[in-house]
Amino acid sequence: MDRPVRIAVVGSVDERLVGELRQLPMRPEVRPLASLVGDTEVLMRLQPDLLLVQFDEEPGEDIGAVRLLQRLWPALRVAVITTTGKELTFGPIATRISARLILYPDTPGHLAAVLEQMLHGGDRPRPELFVDLAHGLADEINNPLLFVSGHLQLLRASLHGNTENGPRDQVDAALQGLKRIQTAVDRLRLLSEAANGPNRTEVVDLAALIAHAVAERQPDAEAASVSMPKGPQMVDGDREQLALAVTAIVRFADELAQIVSQSQLELSGTDDVHRLRVIARGQGLATWQLPNTFEPFYPQRLLRGQSHGLGLFLAQTVILGHRGQATVRRLQDGALQLDFLLPAASTS
């Protein structure tokens, strides 16, 4: 979409919602309106892409107005805004009018994630469900993992005086396997933490993080081309989380390079926003389903044999947690374009 996304926000919504929408990196055109019925002419002129509406306790007339707008503009995407505790009331209403339910306020990045999914369709569950699953798996695996690791280390110590290398080598191999599992568990736990935003905030150079991720590539492996502007590209955020996100994006671009004719990664920036863009071209992308892009392990369906199925979801979670955006679109020539946007570091 070449023009800014148009968003109409209707009803007595929290003023902070309008402010957060306007601060999104994609800089949408946001129009707050008091009433669906009273502001019909304004809506007709605006022709919004997204309609966010907060209903009154008796929303009968407004529901009819939403349905009329949906008939007039079949491409219109609608979301019902409500607060925690009222989802049981307004959830069924949202379902009846084929709308998304947005709880506000919520975790950082939730708003951007829902808007992106509304724009591109799909029936992916709320991101929090995947995050909760990741946290639960980490907790479920960690205790038995520590138990087995402890026993193997005791066994390794008991073999200290054994002159045969075979048993010690077998235990060492098992400990190395457990170490890889522990790394995966730590990644799941960090993913669940990243959804709540940075643990600590400092000024971080995105260009330096990309350079480090590129330097860590496997030698002689097929890799994406990388272009970056001269000089640092500074953002405010959690260095550890951002490093993992950038590494995941670089690895994803490199994995694409192994199956498509062209994969490129580009960092660019303005005074307000820094953008890390991945563009891939090739016949292997013909069956890629845009709404599923950031689902855990969806890339594995195309990138067979790779081991980074959580990579894109982790990157999206970190970017959204830093009040950025992760978007995907298909270009006219069939290429896949992923944009990861982060607000530039504050100058104060």
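Reader: Let me start with one side chain. Is Y298 buried or exposed?
Author: Quick note before that: this is a predicted model. The way to judge it is relative accessible area, where under 20% counts as buried. Y298 has 5%, so this residue is buried. W288 is buried as well, also with a relative accessible area of 5%.

Reader: How are the rings of W288 and Y298 arranged?
Author: For aromatic pairs, look at the distance between ring centres and the angle between the planes; over 60 degrees counts as edge-to-face. Here W288 and Y298 sit 5.2 Å centre to centre with 85° between the planes, so they make an edge-to-face pair.

Reader: Which residues form the aromatic cluster?
Author: F252, W288 and Y298 make up one cluster. The count of aromatic pairs comes to three.

Reader: Okay, on to the strands. In what order do they line up in the open sheet?
Author: The general idea is that strands of a sheet pair through backbone hydrogen bonds, either parallel or antiparallel. In this model, five strands form an open sheet, and reading across gives β2-β1-β3-β4-β5, with parallel pairing. β2 and β5 (100-103) are at the edges with a single partner strand each, so one side of each has no neighbour in the sheet. From one strand to the next, the twist averages 25°.

Reader: How many bridges join β1 to β2?
Author: Five bridges join them: β1 covers residues 6-10, β2 covers residues 29-33, and the two run parallel. To find one yourself, look for A8, whose bridge partner in β2 is R31.

Reader: Which strands does helix α5 lie across?
Author: Helix α5 (residues 110-120) lies across β1, β3 (50-53), β4 and β5, and runs at about 170° to β5. Helix α4 (residues 87-96) lies across β4 and β5, at about 155° to β5.

Reader: Now the charged residues. How many salt bridges does the structure hold?
Author: It holds 10. To spot one, check how far the side-chain nitrogen of one residue is from the carboxyl oxygen of another; the cut-off is 4 Å. For D49 and R3, the closest N and O atoms are 2.8 Å apart. D49 lies in the loop between α2 (40-46) and β3, while R3 is in the segment before β1, so this pair ties together parts that are 46 residues apart in sequence. D49 is buried at 13% relative accessible area, whereas R3 is partly exposed at 33%.

Reader: Where do the partners E29 and R6 sit?
Author: E29 is in strand β2 and R6 in strand β1, 23 residues apart. Their closest N and O atoms are 4.0 Å apart. E29 is partly exposed at 33% relative accessibility, and R6 is partly exposed at 25%.

Terms used
Residues are numbered from 1 along each chain as its sequence is written. This is a predicted model: local features need pLDDT of at least 70, side-chain atom pairs count only at pLDDT 80 or more; totals for chains, interfaces and linings use all residues. Side-chain values use heavy atoms; hydrogens and water are left out. Rings of Phe, Tyr and Trp (its six-membered ring) pair if their centres lie within 6.5 Å; planes under 30 degrees apart count as stacked, over 60 as edge-to-face and the rest as tilted. Buried means under 20% relative accessible area, exposed over 50%, partly exposed in between (1.4 Å probe, protein chains only). Two strands pair if DSSP finds at least two bridges between them. Helices (H or I, at least four residues) and strands (E, at least two) are DSSP runs, numbered from the N terminus. Axes are lines fitted to C-alpha atoms, for helices over the stretch in contact, and angles run from 0 to 180 degrees between N-to-C directions. Contact means heavy atoms within 4.5 Å.
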